[in-house]
Amino acid sequence: MEEIKKALAEADPFASWWPFIVAGIVFVIGTVRTYMGGQPCPNGNTIPGRVIVVTGATGGIGREVCRELARRQARCLILACRTVEQGDALKEQLRREAPDCVCEVSVVDLRSFDSVRRFVRQLQAQHPAVDALVNCAGVIFQPGGHTADGYEQHLQCNYLSHFLLTQLLRPQLARSAHGGRIVHVSAHGYTAAKIADRDDPLNLRQPAQSGRDAFAHSKLAIVLGSRALAGKLTAEGCSTTVNCCSPGLVRGTGHLRHSPIMKALFAKVLTFPWMWLFMKSPAQGAHTIVRLVTDPALAGCTGDFFNDCERVEVSELARDDELADRLYRASLSAVGLTEDAARGTVRPKKE
C-alpha cells in the first residue's frame, strides 16, 4: 500500500500524452452532444391557471412536455393516450413531481375518428375553455395497412385525427382567457414529401406509398394545414394561434420500433453509440414545444414553423397558400366536417 501511495505521489501526469488525448476526446464528445442537443427553451415562464391538452402524452417527447408544463404550474393537464395504464403511470409520476397540477387521463385512439369525437365530448363536458392543445402523437413505419376509417395510417394518426381534434376544440380554445394556442409537432422529414396531384393534396388516389414517404407526406400536411388554419383564425379575428415545430432527431421515443432496419439486434447495437451522440434526448426534443406553449413573447405569433426554439423558414412547397387551402378543404371533407366561413364555426357535415 505504501508503494502505491508513493507511486501516485511521484506520478507526473504531464510525462505522458495519454491524458491529453483522453481530455480531447471527452471535450469533443461533450461539444458534439451539446451542439446536437439544440437550443434550450429561452423562457422560464410559469403558466398558472392553464388547461392544456397533450396527445401522445405518454410517449418520449410528450412525457417530457407534460413534466415541464407541470413544473411550470399548469393548473390541469389532460393526458390523451392510448391506454389507461400508460396514462395512470404518467399521472402518478406527475403527482410526485408537481402535486399542485391536476392530471386527467383520457383515452383516445387516433386510428379512429369516432374515438376522437368521444374524447372531445368528454373534454367539453368538463372543460368549457382550453388554453393550449399540443398535438404531439405520431407514428412512423406503421404496419397494418389502412385504418377502420379507410385512410393510410400515417395520414390519419399524424394528421387527419389531429386536424379533427383541433377543429372540434376551436370553440374551447377561443374561450381561453390567455389566448388559445395550438401546437402541431411536425418533423424535418416534411421536406421530402411530394404531392403529385394538386387536386389530390391528401394523396388519396396515389399508389401505395412506402412508410417513409407516407410519414413525410403526413408531416407536410401538418405544416400546410396549420398554415391554412392560422390564416382563417386571423381573418375571423380569433385570438387563437397555431404554429408547427420540429423536435429534431430524438432518441428514445419508440418511433423506430417498426423500422425494418432497427428490428435487427446487430443494427441496434451498431447504431446506439451514434444515436446517443448525435440525437437529442426526449427532454431536449420537448424544448421547442414548451416554448410555443408558454412564452408570452409568442402570444401574437401564428402560422410559423419553429426549430430549436427559433422561427425558421419552411420549404417552397410548404409556403404554397393555394395548395394549403386545397388541403384544408380536402381535410374537412375527409373528417366529415364543413366550415361556415362567414360565422367562423365548424359544423358536422350533412350526409
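1. Helices (DSSP runs of H or I, at least four residues) and strands (DSSP runs of E, at least two residues) are numbered from the N terminus. The model discussed here is predicted, so local features need pLDDT of at least 70 and side-chain atom pairs count only at pLDDT 80 or more, while totals for chains, interfaces and linings use all residues. Residues are numbered from 1 along each chain as its sequence is written, and side-chain values use heavy atoms, with hydrogens and water left out.

2. Overall composition. The chain contains 12 helices and 10 strands. Of its 351 residues, 46% are buried; buried means under 20% relative accessible area, exposed means over 50%, and partly exposed lies in between, with a 1.4 Å probe and protein chains only.

3. Contacts along the chain. Contact means heavy atoms within 4.5 Å. When contacts between residues at least 6 apart in sequence are considered, 77% of them join residues at least 24 apart.

4. The largest nonpolar core. A nonpolar core is a set of buried Ala, Val, Leu, Ile, Met, Phe, Trp, Tyr and Cys residues joined through side-chain atoms within 4.5 Å. The largest one has 54 residues, of which Phe 119, Tyr 159 and Leu 160 touch the most other members. Two or more residues come from each of strand 1 (51-55), strand 2 (76-81), helix 5 (113-126), helix 6, helix 8, strand 6 (241-246) and helix 12 (321-335). Helix 8 gives the most to this core, with 10 residues. Another core lies apart from it, with 31 residues, among them Val 65, Cys 136, Ile 289 and Val 293.

5. Tyr 159 and Ser 161. Leaving aside neighbours within four places in sequence, Tyr 159 is in contact with His 154, Leu 202, Ser 218, Ala 221, Ile 222, Gly 225, Leu 327 and Ser 331. Ser 161 belongs to helix 6 and is buried, its relative accessible area being 0%. With neighbours within four places again set aside, the contacts of Ser 161 are Leu 110, Phe 113, Val 116 and Gln 156.

6. Cavities. Rolling a probe the size of a water molecule over the atoms shows where empty space is left. On a 1 Å grid over the protein atoms alone, a cavity is a set of points where a 1.4 Å probe fits but cannot get out, and lining residues have an atom within 4 Å of a point. Grid points are joined across faces, edges and corners, and a volume is the space filled by probe spheres set on the points. By this rule there are three cavities of 30 Å³ or more.

7. The largest cavity. Its volume is about 90 Å³. The lining includes Asn 158, Tyr 159, His 162, Phe 163, Ile 222 and Leu 229. Helix 6 (153-168) and helix 8 (211-235) are the elements that give two or more residues to this lining, and helix 6 supplies the largest share, six residues. The lining divides into four nonpolar, seven polar and no charged residues. In this division Ala, Val, Leu, Ile, Met, Phe, Trp, Tyr, Cys and Pro count as nonpolar, Asp, Glu, Lys and Arg as charged, and the others, Gly among them, as polar.

8. The second largest cavity. About 40 Å³ of space lies within it. Its lining consists of Arg 50, Ile 52, Asp 131, Ala 132, Ser 176, His 178, Gly 179, Arg 181 and Val 293, which divide into three nonpolar, three polar and three charged residues.

9. Helix 11 and Gln 172. Helix 11 (residues 287-294) is largely enclosed by the rest of the structure, because seven of its eight residues are buried. Those buried are Thr 288, Ile 289, Val 290, Arg 291, Leu 292, Val 293 and Thr 294. Gln 172, in helix 7 (residues 170-174), also counts as buried, at 5% relative accessibility.

10. Most residues other than glycine have a negative phi. Asp 308, however, has a positive phi near 50°, and Cys 309 has a positive phi near 70°. Asp 308 lies in the loop between strand 7 (305-307) and strand 8 (310-312), and Cys 309 lies in the loop between strand 7 and strand 8. Asp 308 is partly exposed, at 25% relative accessible area, whereas Cys 309 is buried, at 0%.

Methods:
1 Å grid on protein atoms, 1.4 Å probe; cavity = no way out; pocket = protein on both sides within 12 Å on 5 of 7 lines; lining within 4 Å.
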